[in-house]
Amino acid sequence: MERLKGKRCVVTGGAQGIGAAIARRLAAEGATVAVLDLDAERAGAVLPAPHVGIACDVRDSAAIDAAFAQVRDRLGGVDVLVNNAGRGSAPGDGMAEYYAAQGKQAAGEAVFADQTIHCTDEGWVGVMAITLDGTFKCSRAAVRIMADQGTGGSIVNIASTSGVKGDGPVPYAAAKAAVLGMTRAMARELAARGIRVNAVNPGATETPIYATLPSETKDAIAADSLMKRLAHPDEIAGAVAFLAGDDGSFATGSIVTVNGGAYFT
Ligand SMILES: NC(=O)c1ccc[n+]([C@@H]2O[C@H](COP(=O)([O-])OP(=O)(O)OC[C@H]3O[C@@H](n4cnc5c(N)ncnc54)[C@H](O)[C@@H]3O)[C@@H](O)[C@H]2O)c1
């Protein structure tokens, strides 16, 4: 069923993982999709024309404004924004020291597993600039266009269960919790313009980052959910498609948790 027919959608960080699954799902539902990512070639490889791939670093306001101007030119406007670009960890955020200490603990050494005391300003900003600031800046660019169009719109923020449970790196959990607050504040503000703002909270999802983890770590994460596995990116994309389109027309300020029952909300 083409539930997003005629919708012009932007997906940030859409070149791989959850973002690529979202872009493909929105396209399959009839939308025209602009995939934004650091590299135009990777972004353009996700979907064939009339969909477009555009280079955009979500840390950079000028790059975002230029990318959204291109989206407007090439798709004719913006009806849906999916803020998916995010980064779990950045050099200098103290995670290297944290993992090293965990290794020592596993070997029987009595050491503390610290992140905070090792986290540099650069490490903190490295996560925040993409995961929180990027979400705000892209929302601002999309809302400016949606307000101009006067036809409402839908923003879906990809947050994380880490923002609720605090089980990720400190800057990441902080950024994702802030994304939830921003979702609710923007939902209140923008309802009058017919713009809905919602979030999806994925649990651990099988994306390239998990290929780098030791299998015991992956097994332990999978054991946490009632399904005893990680999510497939398409299972996150389905929740996004619901919120993005008219099926979700009465949902705003909602946080949809897709975590295999790891915890209940
Ligand atoms: N994979 C999981 O288990 C999981 C769980 C909960 C939430 N999430 C969230 O889902 C989203 C996608 O996660 P993923 O695992 O698919 O990530 P991923 O690392 O596989 O893909 C992220 C994409 O974002 C792009 N990107 C990175 N920095 C960017 C920037 N500055 N500007 C534009 N694009 C940039 C990358 O090039 C990449 O294509 C993130 O927000 C992540 O925090 C993931």
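The legends below walk through close-up views of a predicted model.

Residue numbers start from 1 along each chain as its sequence is written. Because the model is predicted, local features need pLDDT of at least 70, side-chain atom pairs count only at pLDDT 80 or more, and totals for chains, interfaces and linings use all residues, while side-chain values use heavy atoms, leaving out hydrogens and water.

**View A. Helices α1 and α10 cross at roughly 50°.** Here the axes of α1 (residues 17-28) and α10 (residues 233-244) come within 8 Å; helices are DSSP runs of H or I with at least four residues, strands are runs of E with at least two, and both are numbered from the N terminus. Axes are lines fitted to C-alpha atoms, for helices over the stretch in contact, and angles run from 0 to 180 degrees between N-to-C directions. Contact (heavy atoms within 4.5 Å) involves, among others, I18, A21 and I22 of α1 and I236, A237 and V240 of α10.

**View B. An open sheet of 7 strands, with parallel pairing.** Follow the order β3-β2-β1-β4-β5-β6-β7, where strands pair if DSSP finds at least two bridges between them. The edges are β3 (52-55) and β7 (255-258), each pairing on one side only. From one strand to the next, the twist averages 20°.

**View C. Strand β2 (residues 32-37) runs parallel to β3.** You will find 4 bridges joining these two strands; A34 has V52 of β3 as its bridge partner.

**View D. Helix α3 (residues 61-75) packs on the sheet.** This helix touches β1 (8-12), β2, β3 and β4 (80-83), and its direction makes about 160° with that of β3.
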